[in-house]
Amino acid sequence: MHDGWETIIGLEIHAQLNTESKIFCGCSTRFGDEPNENTCPVCLGLPGALPVLNRRVVELGARAALALGLHINQLSIFARKNYFYPDLPKGYQISQFDQPFSAHGELEIMTAERDEAGHPVEWRPKKIQITRLHLEEDAGKNVHEGLPEVDRYSYIDLNRAGTPLAEIVTEPDFRTSWEAYDYVNHVRRALQWVGASEADMEKGNLRCEANVSVRRIGDDKFGTKSELKNLNSVRFMQRAIEYEVERQISVLESGGTLRQETRLWDDKLMETRPMRSKEEAHDYRYFPEPDLPPLVVSEDFIERIRASMPELPEARRKRFMEQYNLTFSDASQLTSELALADFYENAVAASGNARATANWLRSELLRELEAANLSAVDSPVSAAELGALVGMIDEGKISGKQGKDVLVEMFKTGKGAETIVADQGLVQVSDTGEIDRIIDEVIAANAKQLADYRAGKEALFGFFVGQAMKASKGKANPKIVNERLSAKLKA
Ligand SMILES: [Zn+2]
């Protein structure tokens with residue numbers, strides 16, 4: 001894309017683990033409560049208060065690691081990361097440093113470059129080295145808006161202080177912004193799939209930072225990197241990386257130099273700008289947290305977690321392609337979330353037709369769901385009912401066109417397919433005797449067209465199909481109409 005230049009990207013993801021209480025105390029992690037409502041001496045950092053590790057954090061951390069195919073260290077150590085900032089009441093964050101929960105992993109993702117219109121060009125696998133996944137607590141929040149005299153005061157809300165996070169760090173393995181985009185989506189789906197995190201970037205329970213640099217192709221030294229923050233969606237992250245790559249190349253090509261800095265993405269101006277440097281070459285003076293014992297997890301514990309996990313998304317996508325003969329894009333969409341994959345398989349069980357069910361789910365039901373801003377779990381049409389509808393179309397009881405109207409009605413009323421078909425008196429006429437009778441009438445009434453057709457005007461076939469369908473009030477099975485008409489017209 002940029003002649004002669006190579007882009008180098010590494011990513012850090014902070015995912016909030018989906019617990020009800022904080023990592024080292026019993027305070028609620030609920031979002032949106034009154035400021036500082038969910039606090040206690042531990043998460044306020046009061047002298048003498050002692051942290052106790054929340055077991056659920058370890059379980060969800062293990063689910064996250066296993067969902068990404070990572071190895072879990074049976075021994076890991078919590079460490080103090082010392083720095084001063086108003087949202088950090090203890091003056092240090094409890095994190096993990098040289099002995100993290102998981103290290104040296106490898107993750108395979110599917111990735112594709114995009115064309116001008118943003119459509120994936122060709123999907124291919126790519127392996128990403130995961131440097132580490134560790135457990136840590138979140139800091140609180142400084143509030144600078146919506147309160148009295150914000151020009152004079154900063155406000156602090158410590159509800160978020162002590163919320164459990166998994167931090168996932170990659171090696172600088174990405175070469176394009178789309179690889180980074182596909183990776184973050186892969187991680188999000190995996191964490192949501194196993195219930196480790198809601199992983200919603202807009203709610204801030206998944207945060208992402210990108211380290212971006214460029215170098216001349218052939219150089220083996222890395223260029224000066226920028227750390228991009230404030231990336232509130234995967235799409236913004238991708239754009240921020242693109243912007244930053246362009247900026248760095250143009251600085252270097254015009255003979256300038258870059259400095260290592262943190263830059264914030266501004267999604268209104270669509271640009272990155274330097275953030276006031278708050279920590280120059282920070283020394284965090286890490287040391288083992290003396291108030292917490294080493295974290296030891298047994299082989300047994302890990303195996304129990306593994307056994308309780310659902311079939312993972314990539315495995316399920318591959319199985320869908322083989323078992324149901326779906327394309328990569330169909331199978332990917334149907335495994336974009338666990339509830340949707342379950343919905344699909346339940347619907348197939350009811351319809352007996354995997355291909356048709358995939359089509360109906362993807363093109364018809366998902367459109368209705370999207371328009372109503374609902375996800376598969378909230379669908380007013382159950383999987384069994386969608387399967388029943390597809391089955392009725394398959395058996396020729398109703399036409400595909402009728403099926404679309406029935407589905408809309410099912411969606412609106414929550415009634416079953418059979419009920420609506422019976423209520424509306426919808427039946428597809430597949431009885432060949434009845435269809436023959438209709439066709440005979442149509443032919444008798446259109447002697448001129450029949451003569452023209454037989455004289456070689458084959459385009460008139462469509463006219464006869466239209467007349468027959470009209471005479472049946474749209475109820476005739478079009479496939480049978482076509483078959484019978486072509487037999488009779490030739491006769
Ligand atoms: Zn607390």
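1. Helix α1 is mostly covered, with 11 of its 13 residues buried. Keep in mind as you look at it that this is a predicted model.

2. Which residues of α1 are buried? They are Val57, Val58, Glu59, Leu60, Gly61, Ala62, Arg63, Ala64, Ala65, Leu66 and Ala67. So you'll find Glu59 and Arg63 on that list along with the alanines, since buried here means under 20% relative accessible area.

3. What do those buried residues pack against? Their partners are the strands β6 (124-137), β9 (164-170) and β15 (295-296), plus the helices α2 (177-193) and α4 (299-307).

4. The length of α1 checks out. The helix runs over residues 55-67, and at 1.5 Å a residue its 13 residues should span 18 Å; the end C-alpha atoms are 18 Å apart, so the two agree.

5. At the start, a side-chain oxygen of Asn54 comes to within 2.9 Å of the backbone nitrogen of Arg56. After the helix comes Gly69, which has a positive phi, near 70°.

6. Now for the sheet. Three strands make up an open sheet, ordered β4-β3-β14, with antiparallel pairing. Its edge strands are β4 (92-96) and β14 (287-288), each of which pairs on one side only. As background, strands of a sheet pair through backbone hydrogen bonds, in either a parallel or an antiparallel way.

7. How many bridges link β3 and β14? Two: strand β3 (residues 78-82) pairs with β14 over two bridges, in the antiparallel sense. To find your place there, look for Ala79, which stands opposite Pro288 in β14.

Key
Residues numbered from 1 in each chain as written. Predicted model: local features only at pLDDT ≥ 70, side-chain atom pairs only at ≥ 80, totals over all residues. Heavy atoms only, no water. Pairing = 2+ DSSP bridges. Helix = DSSP H or I, 4+ residues; strand = E, 2+ residues; numbered from the N terminus. Expected span 1.5 Å × (residues − 1). Buried < 20%, exposed > 50% of the residue type's maximum accessible area, 1.4 Å probe, protein only. Contact = heavy atoms within 4.5 Å. Polar contact = N/O pair within 3.5 Å; in protein donor to acceptor, adjacent residues only side chain to side chain.
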